[in-house]
Amino acid sequence: MKFIMGKFWPFFRLWMGGDILPGLLKEALVALGVLVFGFLGLRLKIPAGAMAVGILGGLAVKALLGVSDSRLPGWVSAVSQCLVAYVLVRSSELVSFRRALGLLPYAVVYSLMLVGFCVVMALVFMRLCGMDFSTSLFATSPGGLSGVVIAAVETGADGAVTVLFNLCRILCILVILPMLAGFVLNR
């Protein structure tokens with residue numbers, strides 16, 4: 001064991017930015033915070049609660065512990081992306097996917113228009129909030145929270161700002177759209 005720790009000690013010191021035990025303990029506590037708050041979000045039946053409440057709880061624990069903003073190794077991001085892909089694949093129906101292919105040209109045009117709108121909004125928020133362009137672009141972009149945040153962090157954008165903007169957007173959508181749909185359908 002001593003040989004293994006001796007061989008990898010410099011890696012852990014570099015990754016954790018200091019002594020291995022306090023760094024690993026803090027990282028484990030942040031991960032535990034994400035899990036506990038994520039399960040709380042599920043238990044409270046909040047839409048996308050595991051992710052939304054897990055992120056907020058994890059950030060709170062991270063702030064309380066004073067964990068540095070060190071970057072995780074690339075494999076952590078790759079594993080999380082694969083897990084998200086697995087969830088999407090498992091929850092998709094091939095029959096409806098085949099039917100939807102006829103809408104592909106409309107989806108492409110819609111997506112390009114939305115990206116153009118997001119670039120304009122990114123320029124506005126860049127000036128209003130003093131953000132860099134990359135952060136403001138990912139903060140205003142549509143998409144799933146996990147995918148947007150992973151892409152933002154990998155390109156050097158501020159992950160916390162991206163999470164804040166997208167979490168507010170998603171929560172507003174999950175609260176407002178069902179009410180709006182109910183109002184329209186009941187007319």
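Ser 136 counts as buried because its relative accessibility is 0%; buried means under 20% relative accessible area, exposed means over 50%, and partly exposed lies in between (1.4 Å probe, protein chains only). This is a predicted model, in which local features need pLDDT of at least 70 and side-chain atom pairs count only at pLDDT 80 or more, while totals for chains, interfaces and linings use all residues. Residues are numbered from 1 along each chain as its sequence is written, and side-chain values use heavy atoms, with hydrogens and water left out.

The whole chain comes next. It has nine helices and zero strands, where helices (H or I, at least four residues) and strands (E, at least two) are DSSP runs numbered from the N terminus. Read from the N terminus on, the order of elements is α-α-α-α-α-α-α-α-α. The protein chain has 187 residues, and 21% of them count as buried. A contact means heavy atoms within 4.5 Å. Among the contacts in the protein chain with a separation of 6 or more, 47% are between residues 24 or more positions apart.

Ser 136 is part of helix α7. Leaving aside neighbours within four places in sequence, Ser 136 is in contact with Ala 122, Phe 125, Met 126 and Met 131. A polar atom of the Ser 136 side chain lies 3.1 Å from the backbone oxygen of Ala 122. This is a polar contact, a pair of N or O atoms within 3.5 Å; within protein, one must be able to donate a hydrogen and the other to accept it, and residues adjacent in sequence count only if both atoms are side-chain atoms.

Helix α7 covers residues 133-140, and its buried residues are Thr 135, Ser 136, Phe 138, Ala 139 and Thr 140. These buried residues pack against α6 (104-129), α8 (145-154) and α9 (159-185). At the N-terminal end, α7 is capped by Asp 132, which has a side-chain oxygen 3.3 Å from the backbone nitrogen of Ser 134.

In α8, the buried residues are Leu 145, Ser 146, Val 148, Val 149, Ile 150 and Ala 152. Their cover includes α3, α4, α7 and α9. After α8 comes Gly 156, with a positive phi near 90°. In helix α9 lies Thr 162, which is buried, with a relative accessible area of 0%. Not counting residues up to four places away in sequence, Thr 162 touches Thr 135, Phe 138, Ala 139, Val 148, Val 149 and Ala 152.

Helix α3 is another element to look at. It has 17 residues and reaches 23 Å from its first C-alpha to its last, close to the 24 Å expected at 1.5 Å a residue; the expected span is 1.5 Å times one less than the number of residues. Its buried residues are Gly 49, Ala 52, Val 53, Gly 54, Gly 57, Gly 58 and Val 61. Gly 66 follows α3 and has a positive phi, near 70°.

Where does Val 67 lie? Its place is the loop between α3 (49-65) and α4 (74-90). Val 67 counts as buried because its relative accessibility is 14%. Setting aside neighbours within four places in sequence, Val 67 is in contact with Lys 26, Glu 27, Val 30 and Lys 62. Val 67 and Val 30 are 37 residues apart along the chain, with their C-alpha atoms separated by 8.4 Å.

The loop between α2 and α3 holds Ala 48 and also Ile 46. Ala 48 counts as partly exposed because its relative accessibility is 45%. Ala 48 and Ile 170 are 122 residues apart in sequence, yet 8.5 Å apart in space, C-alpha to C-alpha. Ile 46, at 31% relative accessibility, also counts as partly exposed.

Finally, the surface. A nonpolar patch of about 860 Å² is made by residues including Leu 25, Phe 37, Ile 46, Leu 65 and Leu 171. Elements giving two or more residues to this patch are α2 (20-43) and α9. The largest share, six residues, comes from α2. Patches are made of residues with over 30% relative accessible area and no salt bridge, with like charges joined within 9 Å and nonpolar side chains (Val, Leu, Ile, Met, Phe, Trp, Tyr) within 5 Å. A salt bridge is a side-chain nitrogen of Lys or Arg within 4 Å of a carboxyl oxygen of Asp or Glu.

How values were computed:
Areas by Shrake-Rupley, 256 points an atom, 1.4 Å probe, with all protein chains shown as cover.
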